[in-house]
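Open the model in your viewer and keep the selection tool at hand. The stops below go from strands to a helix to charged pairs.

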Amino acid sequence: MPYPYVLLSAAVSLDGYLDDTTPERLLLSGPADFDRVDDVRASVDAILIGAGTIRADNPRLLVNSPERRAARVAAGLPEYPLKVTVSGSGDLDPAANFWHTGGEKVVYTTEKGAERARALGIAADVVALGSELDWRRLLEHLHDVRGVRRLMVEGGGTVHTQLLQQGLADELQLVLAPLFVGDPGAPRLFGPGGYQGGRLRLLETRRIEDVVLHRYEPTAPGVGPLPAAADRHWLALACELAAQCPPSRTAFSVGAVIVAADGTELARGHSREAGDPVVHAEEAALAKLDPADPRLPTATVYSSLEPCARRSSRPAPCARLILDAGVRRVVTAWREPDTFVTEADGTGLLTAEGVDVLVLPEYEERAKAPNRHLL
């Protein structure tokens, strides 16, 4: 199921703390960065914080600029983004600022937590996710029921950690403040276990007064049949590569990327690459790797079009090449139509031999774009 674009936002001290242990909230950045955060808030459909942050900081979580609110209204959007919180217990203070400022609010909780939140008279839509909190169900509900396409997550540390660990964060916006907290009892940005998904890709570094904004995106593929945010980034790249193919009336334009489990790009390719009129994207990418590369069995192949199961131009179809390389996970945007091969089923060939194949249909139109003349 499609999820919103999930943007994690936080400010930390040089030693990685979100706050200190004094009664007053530690202000880690200044007016210019607060204004930047306000601008980001104005650009999203919803803002999420954990129940612990409501208890600790009692935030209002608003778009403060009247001009930005007016621009939202002029664009046909609510004046304020949807405010979202998550609480397993449903133990929430009905008098907190969160419920009495801004626009609509929603609480995601468990079945038992929903009973408690409703009994407390929380001024919000209360949604029970089942006996346990489930981030994927929460994101699906926000996307499908609430129409949220961009979600900003402002904490706390447990929420950030869980979303990163489960591969559900598309972007991390981290502000580094020039001070140390040095108190082991203070809250940290990431909890035990942190992020085990390999290196993140740095997208931007920007000085804002005396703090520095770093923007990162995760790169590690998902595991098994569950999609991760990084899967979307890599599949988007495969679709961009498809657009680089020399056009053809007799073959699809396809892009492919092979990515190691730690998020390292191993190889990329596209149809008809290097002047070869019959080479396929997956074939071109695999040819750039040593077949004995130990990273292949845990790698993911991203292809804008389902790997072929039959072809006349070469002895082995791409699905067979992927199997022979030992790859056990494939992510694609578009199942192969019957344009050139009837009942093509590369997915069936791969899954019959134990490969996890994910189709992300939200990228189908991008994959089709360089092939419109064939459809």
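**Strands, helix, salt bridges**

Select β7 (residues 171-176) and β9 (residues 211-218): the two strands pair antiparallel over 5 bridges. Strands (E, at least two residues) and helices (H or I, at least four) are DSSP runs, numbered from the N terminus; two strands pair if DSSP finds at least two bridges between them. This is a predicted model: local features need pLDDT of at least 70, side-chain atom pairs count only at pLDDT 80 or more, and totals for chains, interfaces and linings use all residues. Residues are numbered from 1 along each chain as its sequence is written, and side-chain values use heavy atoms, leaving out hydrogens and water.

Pick leucine 174. Its bridge partner in β9 is histidine 214. Arginine 201 has glutamate 217 of β9 as its bridge partner. In the hairpin of β8 and β9, with 2 residues between the strands, glutamate 209 takes a positive phi near 55 degrees.

Next, α1 (residues 31-43). Its 13 residues reach 19 Å from first C-alpha to last. Its buried residues (under 20% relative accessible area; exposed is over 50%, partly exposed in between; 1.4 Å probe, protein chains only) include Val37 and Val40.

Finish with salt bridges (side-chain nitrogen of Lys or Arg within 4 Å of a carboxyl oxygen of Asp or Glu). Select arginine 335 and glutamate 306: N to O is 2.8 Å. The pair ties together parts 29 residues apart in sequence. Glutamate 306 is buried at 2% relative accessibility, while arginine 335 is partly exposed at 37%.

Note on methods: The expected span of a helix is 1.5 Å times one less than its number of residues.
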